[in-house]
Amino acid sequence: MKNPTIAIVGATGAVGAEFFDCLTKRNFPLGELKALASARSLGKTIAFRGQKIAVEELTENSFAGVDIALFSAGASISRKFAPIAVTAGAVVIDNSSAFRMDQDVPLVIPEINAHRISEHKGIIANPNCSAITALVPLWPIRRKNRIRRVILSTYQAASGAGAAAMEELEQSTRAFLDGKPYHQRVLPHAYAFNVFSHNTAVDPHTGYNDEETKVIRETRKILEDDAIAVGVTCIRVPVLRAHSQSITFECEKPITEEEVRAILSDSPGVRIVDDRVKNYFPMPIDASGQDDVLVGRIRKDLSDPSGHSIAIFVAADQLLKGAALNAVQIAEHLVNPGGR
Ligand code: A2P
């Protein structure tokens, strides 16, 4: 697949914008590029490599001649249009949750399981952003010393809920500071100066929300380890972009913070930010616009005197490694298997 024609579905969205940037920054070898969104966006143009691309309405006829379709317009759009794109001859890289747990669909973080890409039957799924953020640093540790249990809490940015949620955070913060009322339209609770449990549906029996369930299931699928125990709490915080996580993991064999630091200092997609003297650790503001997952606060978990457990704090750009960048890396493997 040389110089493929690419279609971006959801081109006007928060992740959509990052697809264009990633293709430019990574000098992706492109044939043509199509920008697809809803009829609401007709008339809009997108600046790309010195040209203006007119946004087209997504229809069943959008995929003729398309080699790779990057989808980020929500699960219902993916469910309807991804099979249509595949029938038209495209390989779909889907950022939604629609197909992630399908047996026939590889769920790929290229640093971990790029070898699964070639097994696709037309659709490759991009994992949930919280799963990607946790697993990029956990994977290289697990390769040396199996992780049998992980407990994580997320601090998730507005970007994960799309461009409209980012706008809501800005507008509601401005209204709060001006002493004006604000009625939220996108997220279920007041967002300015507040935190709340993740806005996905909560299972009334288990008490876990959909985001948490995705992290548990996708972790097991990506690591190919059904036995790993995962405890997770997902929280939305008033940050514009880049998710953070507090993670504690327990390994099968004893492990020290020095070993973890040594492993992570040589791991793809990871950058250590861990300055105890300056109290400088991963922050979403530093992770924004960055490709790497920032990892710090690497320390022994004092609640486990056996020496098997380590605590870390991480931050990663949800729109990049958590979404667009991961998908473009997968596309690079399609174009150049075994390449970067
Ligand atoms: P549009 O801007 O025309 O509504 P975000 O994740 O930031 O909320 O963005 C969602 C993306 O999905 C946008 O590009 C949006 O396009 C697109 N989208 C939403 N609904 C549809 C639809 N029915 N058909 C095509 N694209 C859609």
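Biologist: Which strands does helix α6 lie across, and at about what angle does helix α6 run to β10?

Modeller: Please keep in mind that this is a predicted model. In it, helix α6, made of residues 210-223, lies across β8 and β10, and its angle to β10 is about 145°.

Biologist: What makes β9 and β12 the edge strands?

Modeller: The open sheet has seven strands with mixed pairing, and their order is β9-β10-β8-β11-β14-β13-β12. The strands β9 (196-197) and β12 (270-272) each pair on one side only, and they are the edge strands. Helix α4, residues 129-144, packs on this sheet, where it touches β8, β11, β12, β13 and β14, and its direction makes about 35° with that of β11.

Biologist: How do you know that β8 and β10 pair?

Modeller: Two strands count as paired if there are at least two bridges between them, and strand β8 (residues 147-156) and strand β10 (residues 229-236) have eight bridges, in the parallel sense. One of the residues involved is T154, whose bridge partner in β10 is C234.

Biologist: Why is the contact of R148 with E250 called a salt bridge?

Modeller: The cut-off is a side-chain nitrogen of Lys or Arg within 4 Å of a carboxyl oxygen of Asp or Glu, and the closest N and O atoms of R148 and E250 are 2.9 Å apart, so the pair meets that definition. Because R148 lies in strand β8 and E250 in strand β11, the pair ties together parts that are 102 residues apart in sequence.

Biologist: What does the salt bridge of E252 with R146 tie together?

Modeller: The closest N and O atoms of E252 and R146 are 2.6 Å apart. E252 lies in the loop between β11 and α7 and R146 in the loop between α4 and β8, so this pair ties together parts that are 106 residues apart in sequence. Both E252 and R146 also belong to a network of salt bridges that links them with R142 and D225.

Biologist: Why is L177 called exposed?

Modeller: The limit for exposed is over 50% relative accessible area, and L177, at 62%, therefore counts as exposed. L177 has its place in helix α5, and together with F176 and F193 it forms a nonpolar surface patch of about 370 Å² of accessible area.

Conventions
Residues numbered from 1 in each chain as written. Predicted model: local features only at pLDDT ≥ 70, side-chain atom pairs only at ≥ 80, totals over all residues. Heavy atoms only, no water. Patch = residues over 30% accessible without salt bridge, like charges linked within 9 Å, V, L, I, M, F, W, Y side chains within 5 Å. Areas by Shrake-Rupley, 256 points an atom, 1.4 Å probe, with all protein chains shown as cover. Helix = DSSP H or I, 4+ residues; strand = E, 2+ residues; numbered from the N terminus. Buried < 20%, exposed > 50% of the residue type's maximum accessible area, 1.4 Å probe, protein only. Contact = heavy atoms within 4.5 Å. Axes fitted to C-alpha atoms, helices over the stretch in contact; angles between N-to-C directions.
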